[in-house]
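Please walk me through this structure, starting with the overall build of the chains and ending with individual residues.

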Amino acid sequence: MTAAAPLQVHDLSTTLFTRRGTMKAVDGLSLTVGAGETVALVGESGCGKSLSALSIMRLLPDPPARVTAGRVTLNGRDLVPLPEPSMLDIRGKEIGMIFQDPMSSLNPVATVEHQIVEVLTTHTALGRTAARQRALELLEMVGMPDAARRLGAYPHQLSGGMCQRVMIAMAIACHPSVLIADEPTTALDVTVQAQVLALLKRLQAEAGMAMIFITHDLGVVAETADRVVVMYAGRKVEEAAVDDLFETPLHPYTAGLIGATPTPGAARAARLADIPGMVPPLNELPAGCAFAARCPRVMERCRHERPALTAPRPGRLVACFAAEQDAA
Amino acid sequence: MSATTLLSLNDVHVRFNTAAGVVRAVNGVSLDLAVGETLGLVGESGCGKSTLGKAILRLVPIAAGEIRVEGTDIAPLDRAQLNALRRKVQMIFQDPYGSLNPRSTVGRSVAQPMAIAGWTAEATAQRVDTLLGWVGLSADAKQRYPHEFSGGQRQRIGIARALALSPRLIICDEPVSALDVSVRAQVINLLEDLKQQFGVSYLFISHDLSVVEHIADRVAVMYLGTIVEAGARDQIWRNPQHPYTKALLAAAPIANPRLARARQRSVLQGELPSPIDPPAGCPFHSRCPMAQERCKTDRPELRTVGSGALAACHFI
């Protein structure tokens, strides 16, 4: 990736300071997203994918969470040391975000028009009348049915899919160069999910946005991503182009996730390949590889030594001793 | 109805009176489920699939139609007879935390069905150990409380409790939707093992088509309170007939990037209409790419179509 990539995350760590001790929820994450590129962040609950997004946006609940190391470079500027007023200018303008639950992310007592106009008048020079006109254009752009009438609607009068369209309209209103979508379709029905995914792809292609797409659903990853970052217990364990990842997963955890996901249309396996056990709690992470206790390829070394990310092949990154052995 | 029919639904209706009007949650559903079969019931939120599951246990009132379990009509059952029915038919829910008493130990929760059935303390205790073993939990789980367990373990507790009195049928209402991918696979495998071992049947309600494709022998597709297509799993997946089934399958993400790019994808427009005032005629006509004038007035009946499945559409 070139230095011109709009978003570069370098060695980002986010720590939770709690009564039960301090724990690293995001541990040394590096990530580059180019213009027009979609990078999927994948992992199960608690792996740190959403906290990574909130760290980038500087929206962490503090306390208990704080960025303790690393840089987040957006269009050449490091966001981590910026004071909150500067972040207020950046959020919604240079970087947009869409959340899983659009109902609770929208203001329940303001109309759709009011909420979109607020974004526009905050970040652009548009006057109220022009902003209103633009709000209607945006709603039409995101495929809101009967857009003119919906301007006056409150969130509770809209379906989940329509609320998500409003969220997307607000997120793209100021042409951000980076869009972070955190499980944007998880709460939606499958036909509406398909609509929203198609919409995001179209808007991204039109505007050349860099997009981080956070999801636990490998089907959604396969449909949307160019590149995939797999996270486990706060760390990146594998990164690859989407085809490579699904065809030759290098990390046993990635292989486990793919095996555990039924693929319609593929030959039916008698049993799904499950991953035994569960994700260890962050305050009980083992000294070695966090996945060792569940790993089918675990070696003695994995239990006391933590594998670093290595590049066994061009364009691939993996943190696993067994994968290193395979490549040697 | 044949001798192997375990559950038989005939033109079942469930209605709820609300301030906004009458919600026709289930609007004339007929279905059979055979002994040892897993029937997948798929559809989007609000299509009535969970309500239908609850109606089979009489957890919601049946407005019209007939539900028979092993040939017995469940509508006229009194309280004692209903208890007997609920030994045969059990249910597991999406949110295992919400369906376990947080102030009751797991041992007590799992023992409750036996207590109601009048088992001795000793027999009950033995049964609890057996059940926890079957679902892969250690015996020390008995003394612990639901909050001490992960989501996947809680779902195992729910399954143990459902199995307590050796039911013939378990209604699984989105049992894996709240679970992470790796744990979801564990629970699906457990359900399949238990079916092999005990010959229990499942009505597996889910919005997740890939899970249903994996687990079901037969599939029924529900839209706005009615069944629009039903058939063997392969009939539905390889050769879907109803336009809604086609749209649903086309919308389901495929966890394979090359297959995902290769397929033709026509995204269904619009959203589910309100069940308060369902459209006249075919319930799907307002979103159907094939809809004609006739679909707005004539409701199509389920009938056998070319693929061998049942479908409700005028143009198949």
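The paragraphs below take up the chains, their contact, the nonpolar core and a few helices in turn.

The model is predicted. Chain A contains 13 helices and 11 strands. Its radius of gyration is 21 Å, close to the 20 Å that the globule rule gives for 328 residues, so chain A is as compact as a globular protein of that length. Taken along the principal axes, the C-alpha atoms of chain A fill a box of roughly 65 × 50 × 40 Å. Of the 328 residues in chain A, 46% are buried. When contacts in chain A between residues at least 6 apart in sequence are considered, 61% join residues at least 24 apart.

Chain B has 10 helices and 12 strands. For its 316 residues the globule rule gives 20 Å, and the radius of gyration is 20 Å, so chain B too is as compact as a globular protein of that length. The C-alpha trace of chain B spans about 65 × 50 × 40 Å along its principal axes. Buried residues account for 47% of the 316 residues of chain B. Among contacts in chain B between residues at least 6 apart in sequence, 65% join residues at least 24 apart.

The two chains touch, and the contact draws 38 residues from chain A and 36 residues from chain B. On the chain B side, α6 (181-198), α7 (209-215), α9 (243-251) and α10 (257-262) each supply at least two residues. The most comes from α6(B), with 9 residues. Sorted by class, this side of chain B has 19 nonpolar, 10 polar and 7 charged residues.

Next comes the interior. In soluble globular proteins, nonpolar side chains tend to be buried together. Here the largest nonpolar core has 192 residues, and those with the most contacts inside it are A:Ile116, A:Ala169, A:Val228, B:Leu203, B:Phe204 and B:Val221. Helix α7 of chain A, residues 160-172, gives the most to this core, with 9 residues. What surrounds B:Phe204, leaving aside its neighbours within four places in sequence? B:Phe204 is in contact with B:Thr38, B:Leu39, B:Gly40 and B:Leu41, and also with B:Cys172, B:Val212, B:Ile215 and B:Ala216.

Helix α4 (residues 112-123) and helix α5 (residues 128-141) of chain A have axes that come within 9 Å and cross at roughly 120 degrees. The crossing of α4(A) past α5(A) is right-handed. From α4(A), A:Glu113, A:Ile116, A:Val117, A:Leu120 and A:Thr121 meet residues of α5(A), namely A:Arg128, A:Ala131, A:Arg132, A:Arg134, A:Ala135 and A:Leu138. By class, this contact has 6 nonpolar, 1 polar and 4 charged residues.

A:Ala130 also lies in helix α5 of chain A. With 14 other C-beta atoms within 10 Å, A:Ala130 is partly exposed. The C-alpha atoms of A:Ala130 and A:Leu120 are separated by 9.4 Å, the two residues being 10 residues apart along the chain.

Back in chain B, is helix α1 (residues 49-56) largely enclosed or largely open? In α1(B), 7 of the 8 residues are buried, so the helix is largely enclosed by the rest of the structure. The buried residues are B:Lys49, B:Ser50, B:Thr51, B:Leu52, B:Gly53, B:Ala55 and B:Ile56. Just after α1(B), B:Arg58 takes a positive phi of about 55 degrees.

Notes:
Residues numbered from 1 in each chain as written. Chains lettered and ligands numbered in written order. Predicted model: local features only at pLDDT ≥ 70, side-chain atom pairs only at ≥ 80, totals over all residues. Helix = DSSP H or I, 4+ residues; strand = E, 2+ residues; numbered from the N terminus. Rg over C-alpha atoms; globule rule 2.2 N^0.38 Å. Buried ≥ 20, exposed ≤ 12 C-beta atoms within 10 Å, placed from the backbone. Contact = placed C-beta atoms within 7 Å. Axes fitted to C-alpha atoms, helices over the stretch in contact; angles between N-to-C directions. Left-handed = near helix turned anticlockwise from the far one by under 90°. Nonpolar A, V, L, I, M, F, W, Y, C, P; charged D, E, K, R; others polar. Core = buried A, V, L, I, M, F, W, Y, C linked by C-beta atoms within 7 Å.
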